[in-house]
Amino acid sequence: MNFWIIQGLNGLAFGSLLFILASGFSLIFGLMRIVNLSHGAYFMLGAYVGLSAIEAGVNFWIAILIGGGAICILGAVIERFILRRLTGQPLAQVLVTLGIAFIIADTCVWIWTGDPRPVPMPSALTGAFRISHLAFPIYRLFVIGVAFALAAALWFLLERSRLGAMIRAGVDDLPMARAMGIRTSLLFSVVFCLGSALAGAGGVLAGPILSVYPGLDTDMLPLALVVVILGGVGSLLGAFVGSLIIGFIYSYGQALFPDLAYVILFLPMVLVLTLRPTGLFGRQAI
Amino acid sequence: MRAPASNILLWLIALAALLALPWVVTSEYYVNIASQIVIAAILALSLNLLIGFGGMISLGHAVYLGVAAYLSIYLTAHAGFGHLAGALIAIGATTMLAMLFGYLALRASGLGFLMITLALGQILWGVAYRWASLTGGDNGLGGLKRPHPFGLNLMDPTIFYYFVLFFLGIALWCIARFIQSGLGQSLQGTRDQPRRMRALGYNVWLIQWLSFVCAGFWGAVAGLLYAYYHQFVSPQTLHLTTSAETLLMVIAGGTGTLLGPVVGAALVIILKNVVSAYITRWLILLGVIFVAIVLFMPEGLVPGIMRGVRALRRRLRGDKMTDAPSIAKERAP
C-alpha cells in the first residue's frame, strides 16, 4: 500500500514537471502550428543556467527567475528573427527548431561538460513530510503545488482574460482572428515567450529531482510530444491530464518493470491514436 | 518513359566511377568510408520514398536501421541463429514493426505525422538504452562476425564494398521501378493533391501505408548491412540525431530525385568524418547546417549551391538579363 502511495506521489511530481514543459509546447503548437523541437533543449538550458546562477551564490528562487528569463529572451530572439521569417512554412520551422535544439544541446556539453550535475535544493524545502509511517520529500510536494497553481493561472489567463480570449480565437481560426483586428504577430511573440519561459523555469525546478545532464533534452522532448498526442492539440486540460497520465505510467512503470518503463509508454499512444486520433481533449486531429 | 541518352551516359559514368573506386583510392580507410556512404545511401533512399515522393516528413527513420541491426546481431551472435535465418528474421520483423508504426503515424498527417514518428523513435531509443539485459544498454551489442556468403570473404574491405554496392544497385533499381509503378505514381499524387486523389477513388491511406512499409523494409536492409559493417550496434544508432542526419542527407541532395539521397549521403558522411578528425563538435555543425539550409537554401544543398554557382558565374560575366527570372522561378516553393 505504501508503495502505491509513494509511487503515486512520485508520478504526480513527475507529471507536474511534464505539465510545466508540455503546456507551453502545446500552446505554441496550438496557436502557431509550430512543433517546437527545441523545447526539450530550452528545458535543459534553463536548468543549466539556473544551476550556474545558484553556484554563483544566487538564491534558488531568483535562479528560477533567471533560468526562465534567459530562455524567455532566447525564445523571443528565435521567434522574432528566425521563425517569423518562415511564417506559413511549418516544415521549415520544424527543421529550424531541430537544428537549434542540436546547437543548444552541444553548446551545453561544451560549457557544462558531460557529467550529470545535481541542482541543490533550497534549504527551506529539504527534508520529508511525514504522516504516521509515510515519508515523502517536501520538495516534490512543492513541485506538485507549483504545477497545480500554474494550471489554475493558465486556465484563468486563457479563459478569463482578454489576452486569453485572443489566444483562443487564434487557436480556433487564425485568419478570422486576424481579420477581427487581433495583432496575431504580437500574440505569437507573447505565446512563444511564455512557453519558452515556462520551459526554462521548469528546467530549474526539475533540477533537484532529475538533476541536469546531457540528453535531458531528448529525454523530455518525446515525453512532451506524447503528452500532446495524448491530450490533444492546444488544449490546456489535455496537457494537464496527459501529463499526469504519463507521469503515473512512467513512475509506476519504472518501479514495477524498470527495463520496460519506456515500452509501456507505447500503450497510451497506441490506444489514443487508434481510438481517438484527436487526442483526449483535442477538437482537431494533430 | 525512356530516359534521354545523356542521362544513360551519366548513369554509366557514375556506375564506372563507383566500381573503380577501390582501385583509385587504395587506402583501406577510404574504402571503408565508401562502404559507410553506400549503406547510408540505402537508408537515405528509403527515407526519400517517404519525404520526396510521399511528402511525409519522418523524424524516426533511424528506427528501421537500429532495430534491424539490433535484431540481426542479437539473433546471430547471442541467440544461436544462422546468418541467413538471422538476416531474414531481422528484416522481416523490422518490416512488421514498420507496418505497426506506419499504422500509428498515419493516423495523422503533416506535423502530427512528424511528431508521432519522432516520439516512437525516441521511445525505442529509450528501450534500447534502458533494457540493458537484452540490448546491453549504453555499451551496445557486439560479437557479430561478418558472414561468408558464396565463399566471399567479407572481412576484406574491398569485397565488402562491392557487397554493399550490390545492395545499393538493387535498392536503386527497385526504388526506380517503384516510383514509375502505378503505386509510386499514385503516391506522388497523394503528396501533391491528397483530396483530389481521394475524390478520384484512390485509397490514400493504403497508398501511404504501403509506401511507409516499403521504406521500412529498405531501412531494415540498410540496418542489416550496418550491423555487418560495424559488427556492433549501440543506442546511438536509434537516436534522433541519426534520424536527423538521414533527413539531412535527403534534403541536402534534393528531395524527390532518385540520386539526390546518394549524393547527400556522401556529403554528410564525408563531412562527418572530416569534421570529426579536427573537432568534436559535430552536433553543433549539424544544427547550423539545418538552420542554414532552411534559411538560405530551402530547395536543398546541392540545387542551392548550383544556383549560387550559376548566379556567381553570371555576375562574373556581367550578364544580368537572364538572372532575375530564373532565380525567382527556382525560389518558388
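This is a predicted model: local features need pLDDT of at least 70, side-chain atom pairs count only at pLDDT 80 or more; totals for chains, interfaces and linings use all residues.
Student: Let us start with chain A. How many helices and strands does chain A have?

Tutor: Chain A has 12 helices and two strands. Along the sequence, the pattern reads α-α-α-α-β-β-α-α-α-α-α-α-α-α.

Student: And what is the radius of gyration of chain A?

Tutor: The radius of gyration is 19 Å, close to the 19 Å that the globule rule gives for 286 residues, so chain A is as compact as a globular protein of that length. Its C-alpha trace spans about 60 × 45 × 35 Å along the principal axes.

Student: What percentage of chain A is made up of buried residues?

Tutor: Buried residues account for 51% of the 286 residues in chain A. As for contacts in chain A between residues at least 6 apart in sequence, 75% of them join residues at least 24 apart.

Student: Now the strands. How many bridges join E1 to E2 in chain A, and do they run parallel or antiparallel?

Tutor: Four bridges join strand E1 of chain A, residues 128–131, to strand E2 of chain A, residues 134–137, and the two run antiparallel.

Student: Which residues in E2(A) are the bridge partners of Phe129(A) and Ile131(A)?

Tutor: Phe129(A) has Phe136(A) as its bridge partner, while Ile131(A) is partnered by Leu134(A).

Student: What phi does Ser132(A) take in that hairpin?

Tutor: Ser132(A) takes a positive phi near 40°, in a hairpin with two residues between the strands.

Student: Which other residue in chain A has a positive phi although it is not a glycine?

Tutor: Arg33(A) is one of them, with a positive phi of about 55°. Arg33(A) lies in the loop between helix H1 (2–32) and helix H2 (39–55) of chain A.

Student: Is Arg33(A) buried or partly exposed?

Tutor: Arg33(A) counts as partly exposed because it has 18 C-beta neighbours inside 10 Å, whereas a buried residue needs 20 or more.

Student: Turning to the interface, how many residues of chain A are in contact with chain B?

Tutor: 35 residues of chain A are in contact with 30 residues of chain B. On the chain A side, helices H4 (90–112), H9 (216–231), H11 (261–264) and H12 (266–275) each supply at least two residues. The largest share, 14 residues, comes from H4(A).

Student: What is the makeup of that side by class?

Tutor: The side of chain A that touches chain B has 29 nonpolar, three polar and three charged residues.

Student: What about the largest nonpolar core? Which residues touch the most other members?

Tutor: Ala224(A) and Ile42(B) do, in a core of 199 residues. Helix H2 of chain B, residues 28–53, gives the largest share of this core, 16 residues.

Student: What is Ala224(A) in contact with, leaving aside its neighbours within four places in sequence?

Tutor: With those neighbours set aside, Ala224(A) is in contact with Leu18(A), Leu21(A), Ala22(A), Phe25(A), His39(A) and Gly40(A).

Student: On to chain B. Which domains is it divided into?

Tutor: Chain B is divided into domain 1, residues 24–296, and domain 2, residues 300–333. The centres of these two domains, taken over C-alpha atoms, are separated by 33 Å.

Student: Where is Leu283(B) found, and in which helix?

Tutor: Leu283(B) is in helix H13 of chain B, residues 282–296. Leu283(B) is partly exposed, with 19 other C-beta atoms within 10 Å.

Student: Which residues is Leu283(B) in contact with, beyond its neighbours within four places in sequence?

Tutor: Leaving those neighbours aside, Leu283(B) is in contact with Phe102(A), Ala105(A), Asp106(A) and Thr241(B). The C-alpha atoms of Leu283(B) and Glu245(B), 38 residues apart along the chain, are separated by 9.8 Å.

Student: What is Gln231(B) in contact with, apart from its neighbours within four places in sequence?

Tutor: Apart from those neighbours, Gln231(B) is in contact with Gly142(B), Leu144(B) and Arg146(B). Gln231(B) and Ala69(B) are 162 residues apart in sequence and 9.0 Å apart in space, C-alpha to C-alpha.

Key: Residues are numbered from 1 along each chain as its sequence is written. Chains are lettered from A and ligands numbered from 1 in the order in which they are written. Two strands pair if DSSP finds at least two bridges between them. Two residues are in contact if their C-beta atoms, placed from the backbone, lie within 7 Å. Ala, Val, Leu, Ile, Met, Phe, Trp, Tyr, Cys and Pro count as nonpolar, Asp, Glu, Lys and Arg as charged, and the others, Gly among them, as polar. A nonpolar core is a set of buried Ala, Val, Leu, Ile, Met, Phe, Trp, Tyr and Cys residues joined through C-beta atoms within 7 Å. A residue is buried if 20 or more other C-beta atoms lie within 10 Å of its own, exposed if 12 or fewer, and partly exposed in between; C-beta atoms are placed from the backbone. Domain bounds come from an automatic or database domain assignment. The radius of gyration is taken over C-alpha atoms; the globule rule is 2.2 Å times the number of residues to the power 0.38.
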